[in-house]
Amino acid sequence: MRYSDRFIEILKDRGIEGDEAIERYLYPDINNLSDITKYSGFKKAKERIERAIADGETIVIYGDYDSDGICSVAMLYDFLLKRGAKVGYFIPDRHKDGYGINLEAVENIAENYFPDLIITVDCGIGAVEEIRVIMEEMGIDVIVTDHHEPGEVLPDTIVIDAKIDRNKGIFDEYSGGGIAFRLIEYMSDIGVAMEYIDIAAISTIGDIVPLVKDNRIIASLGLKAIKNTKRLGLKLLVDSLGKKNNDITSYDVSFKIVPRINSMGRLDDANRVVDLFISDDYFEMKTLVEELDNMNLERQEITENTVKDALDMLETYSVSNRSVIVLSSDKWDSGVIGIAASKLVNLFNRPVILLAKDDGGIYKGSCRSIEAVNLYEELSKCAELMEHFGGHKMACGLSIKKENIDKLRDTINSYVDMDLTLTKKDKSILINDKNEITAKFAKELALLEPFGQSNPDIKFVTAMGKSDFRRISSSEHIKYRVHGEFEIVGFNMLREMQRLNSGAHKSIEFKLKYSVFNNVDYAGATISDIIYAENSVDDDSFAVSEYIKTFLRNKESVFDVEEFDDSVLKSSKYGTCLIAFTKESFFDAKQQYGEYISSYDISSFDSVNPLNRLELGFDINNDYRFYDNIVFLTPIVHKGVIDYLKLNPSCRVFTKSKERDIIKKITLPDYECLGKIFVSIRNELNAKQYDGNRLYELYEAVMKTLDIDYVTFSIAFYTFFDLKIIVFKNGIMTVDRTAKTKLDNSVFYSELKEFVNDADAN
């Protein structure tokens, strides 16, 4: 297959060059896994397990309650069962037993199973004392298989953890399921191990380990196996997702399959989920899949409430002065704080530690990080403050007493002091010629799957001139057919459609996916961000119109508005948002304060990370709660608009008292002009329905009969709205034919006129 030049460049950027390396990367082969004989522990583990099977000893597999642990248990249990072992398994209760080896739980296992051998999967590397007690005082042998970071002291038993062998230069980033998969391989052969590749892929993708080298092989081949799986429970789960032709991607595993598997461990008993991979009872599996789906919905609701609660707490946290977020609550469910932490990491681009109180009064924490911070190393520096902790660079778990939480927050922030502006965005690939984006190119990109940690999905960026995005039916989604094979979709971006279709200089960031519809190949782009060019803004009509709209608000605000002092901006890279309403004031601020500004946006932004920011215009939907300072570079006459913004109670609001560029942008339409605009609007509303997100679309329709600019149109529209000639019924713009009024009755128009006249007089 001849690859496109652009695709070859992408491979080269990922360190893949030469025909052999390219083929090896794009077409993973199970025979290319690292040499298993170079890892320690496998030989002794095999000998001990085979002796247990031969002697009829009882084996108990002790796993973790997340998808990685559940998958590891399922693989090893099924394999040993088929080998004739007398084997059972135990997965601890997240809320009662906590993470890792729990001695009370092991005592219950001993009383019920009388095991001779316990094999841990996805846990145990840090349980040095617990394993000593199990072996010396309970008389039970233990084999540890794990993938988390080992401490300075290892359990005094047989241990398999690839990270112990990292100085040998071999692959060491397996998931717990990856280790279990390779143990099965070592005890039999690769053919037998391949019977479990689908389960191993779920554990590998779900545990967010780097999808490179061995993990890429396992995940890639496992995804193919999932599409054709014979496991009844897994097949029913995939079918429940509504996937066509079982077209499962790493995204589906990460965000649909794994959350359902995890939901049981977070809210109920994870032991039941093992049957998903080994049972052939249709009624039992159908019931289990339905339970997992319902439990996942419940988990989503609890998670959303946890995130909302955390965001409320962060309003007074001083996010701008702390590189690590550490929050605790007595009402949080420890089963969902890991997911909530991940969501906060995505929002604030910094490590997050969330702590929930357990029944014993100890707080259990879930920690998630970003590539720039090795969280395990940073927590190691705070070890004396915690009862227990473990994990790896991207995710950790811990337990801590309440009196040490504040100390942990202060201590870890004293160690992690980084420039959060440096890791804000993934690298995007610039596309100058949209004709490059073809179905063939999208099909090539699909060969890079599975995407995940260390193998991110590719983002492209391309400039967009005046476009022709259309609403998809009555949804909040929009789309634009660029050419026959290339279509762009913006999900939940209806409110951005008018700016996208305008002549403002902008680019879109997007991901590309290959698809087939009615036997026609397509390259489908999904917008992930809209970037309005800070250096080439030649259309500030939207920002000016947003300023004009402020005259519909109250004159006073609950916030005390101060005169702007630029020292509030110069004191930190974080916490201040400057808002301009004209391109002149935007560029003046950029020139004057550019060295202190980290981000530029036109009206809206997609992150709550409070980097010092300069905006042209503002969107009422933006979340400003984590800013310490909001600065209006254009004087705000009707300060009531401030109360509509999402601000924290202690936010300081500033404005400049002298700035007249806005006046030059406003030309008041006279009575005759207003009449013509009204007639055109009325005719259009009679012919077509428009909601509040389609104001620019209405303007474009009016432009077909009248030559007016958007600012003039906006003044007219808001005047009609103020006079209640135009009203909204069920969200749809409607002309009230019964309204009888005069222009002088519009407070909005009168005050805007007074504002303009006063400026002219001065």
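This is a predicted model: local features need pLDDT of at least 70, side-chain atom pairs count only at pLDDT 80 or more; totals for chains, interfaces and linings use all residues.
1. Two strands pair if DSSP finds at least two bridges between them.

2. Five strands make up an open sheet with mixed pairing, in the order β6-β7-β8-β10-β9. At the edges are β6 (325–329) and β9 (388–391), each of which pairs on one side only. From one strand to the next the twist averages 15°.

3. β6 pairs with strand β7 (residues 352–357) in the parallel sense, over five bridges. Within this part of the sheet, Ser 329 stands opposite Ala 356 in β7.

4. Elsewhere in the chain numbering, helix α24 (residues 671–687) meets helix α25 (residues 695–702): their axes come within 9 Å and cross at roughly 115°. Because angles of 65 to 115 degrees count as roughly perpendicular, α24 is described as roughly perpendicular to α25. The crossing in which α24 passes α25 is right-handed.

5. Which residues make the contact of α24 and α25? From α24 come Ser 680, Ile 681, Glu 684 and Leu 685, and from α25 come Leu 698, Ala 701 and Val 702. By class, the residues of this contact are five nonpolar, one polar and one charged.

Technical notes: Residues are numbered from 1 along each chain as its sequence is written. Side-chain values use heavy atoms; hydrogens and water are left out. Axes are lines fitted to C-alpha atoms, for helices over the stretch in contact, and angles run from 0 to 180 degrees between N-to-C directions. Helices (H or I, at least four residues) and strands (E, at least two) are DSSP runs, numbered from the N terminus. Angles under 35 degrees count as roughly parallel, over 145 as roughly antiparallel, 65 to 115 as roughly perpendicular and the rest as oblique. A crossing is left-handed if the near helix is turned anticlockwise from the far one by less than a right angle, and right-handed if clockwise. Contact means heavy atoms within 4.5 Å. Ala, Val, Leu, Ile, Met, Phe, Trp, Tyr, Cys and Pro count as nonpolar, Asp, Glu, Lys and Arg as charged, and the others, Gly among them, as polar.
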